[in-house]
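Student: I would like to learn how to read a fold from its model. Where do we begin?

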Amino acid sequence: QALLLMSSKIIGDRALAENGSRVQQLVESDRTDAEVVEALYLSSLARWPSPEEKKVALEALEKDREGGTANLQWALLTSSEFVLNH
C-alpha cells in the first residue's frame, strides 16, 4: 500500500502547485512560509509540526517556495503517519 501511494498519479497530482490545488493556493497566498508549513501539517496530519519538522520544512521552502511546498505535501501524504492514521 505504501509503495502504491508513493507512485500514485493521484497523490502526485495532489502535491503539485497547479490547477487550483491546495498547494497552489498556499504558494500564491500572502501566508508566510511558517504558516504554509503549519497549514499543510494541519490539513494532512491533523497536528502541528514538531520544531524539527518545521525547521526542515522551512529550509525547503526558503530555497524554493513552490517546489518545497509541493515536496512537503507529497512527503506528508506518503508518510506512514498519514497512511496508518487517515
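This is a predicted model: local features need pLDDT of at least 70, side-chain atom pairs count only at pLDDT 80 or more; totals for chains, interfaces and linings use all residues.

Tutor: Start with the secondary structure.

Student: How many helices and strands does the protein have?

Tutor: Seven helices and zero strands. Along the sequence the pattern reads α-α-α-α-α-α-α.

Student: What share of the residues counts as buried?

Tutor: Of the 86 residues, 36% are buried. Then look at contact range. Taking contacts between residues at least 6 apart in sequence, 60% join residues at least 24 apart.

Student: Next, helix packing. At what angle do α4 and α6 pack?

Tutor: Read the angle and the axis distance together. For α4 and α6 the angle is about 20 degrees, and the axes are 10 Å apart. Angles under 35 degrees count as roughly parallel, so α4 is roughly parallel to α6. The crossing of α4 past α6 is right-handed.

Student: Which residues in α4 and α6 meet?

Tutor: From α4 come Asp33, Val36, Val37, Leu40, Tyr41, Ser44 and Leu45. They meet Arg65, Thr69, Leu72, Gln73, Leu76 and Leu77 in α6. By class, this contact has eight nonpolar, three polar and two charged residues.

Student: How do α4 and α5 pack, by angle and axis distance?

Tutor: Their angle is about 120 degrees, with the axes 9 Å apart. That value makes α4 oblique to α5. Handedness is read separately: α4 passes α5 in a right-handed crossing.

Student: Which residues make that contact?

Tutor: α4 supplies Asp33, Ala34, Val36, Val37, Glu38 and Tyr41. α5 supplies Glu53, Lys54, Ala57, Leu58, Leu61 and Glu62. The class count is seven nonpolar, no polar and five charged residues.

Student: That leaves the pair α5 and α6. How far apart are their axes?

Tutor: The axes are 5 Å apart, at an angle of about 145 degrees. α5 passes α6 in a right-handed crossing. Ala57, Ala60, Leu61 and Lys63 of α5 make the contact with Arg65, Gly68, Thr69 and Leu72 of α6. By class that is four nonpolar, two polar and two charged residues.

Student: Now the core. What is the general idea?

Tutor: In soluble globular proteins, nonpolar side chains tend to be buried together.

Student: Which residues of the largest nonpolar core touch the most other members?

Tutor: The core has 14 residues, and Val37, Leu40, Tyr41, Leu72 and Leu76 touch the most other members. Two or more residues each come from α4, α5 and α6. The largest share, six residues, comes from α4.

Student: Let us follow one of those residues. What does leucine 72 touch beyond its sequence neighbours?

Tutor: Leave out residues up to four places away. Leucine 72 then touches Val37, Leu40, Tyr41 and Ala57.

Student: Where does alanine 70 lie?

Tutor: In helix α6. Alanine 70 is buried, with a relative accessible area of 14%. Valine 23 is 47 residues away along the chain, but the two C-alpha atoms are separated by 6.4 Å.

Student: Is alanine 46 buried or exposed?

Tutor: Over 50% relative accessible area counts as exposed. Alanine 46 has 59%, so alanine 46 is exposed.

Methods. Residues are numbered from 1 along each chain as its sequence is written. Side-chain values use heavy atoms; hydrogens and water are left out. Buried means under 20% relative accessible area, exposed over 50%, partly exposed in between (1.4 Å probe, protein chains only). A nonpolar core is a set of buried Ala, Val, Leu, Ile, Met, Phe, Trp, Tyr and Cys residues joined through side-chain atoms within 4.5 Å. Helices (H or I, at least four residues) and strands (E, at least two) are DSSP runs, numbered from the N terminus. Contact means heavy atoms within 4.5 Å. Axes are lines fitted to C-alpha atoms, for helices over the stretch in contact, and angles run from 0 to 180 degrees between N-to-C directions. A crossing is left-handed if the near helix is turned anticlockwise from the far one by less than a right angle, and right-handed if clockwise. Ala, Val, Leu, Ile, Met, Phe, Trp, Tyr, Cys and Pro count as nonpolar, Asp, Glu, Lys and Arg as charged, and the others, Gly among them, as polar. Angles under 35 degrees count as roughly parallel, over 145 as roughly antiparallel, 65 to 115 as roughly perpendicular and the rest as oblique.
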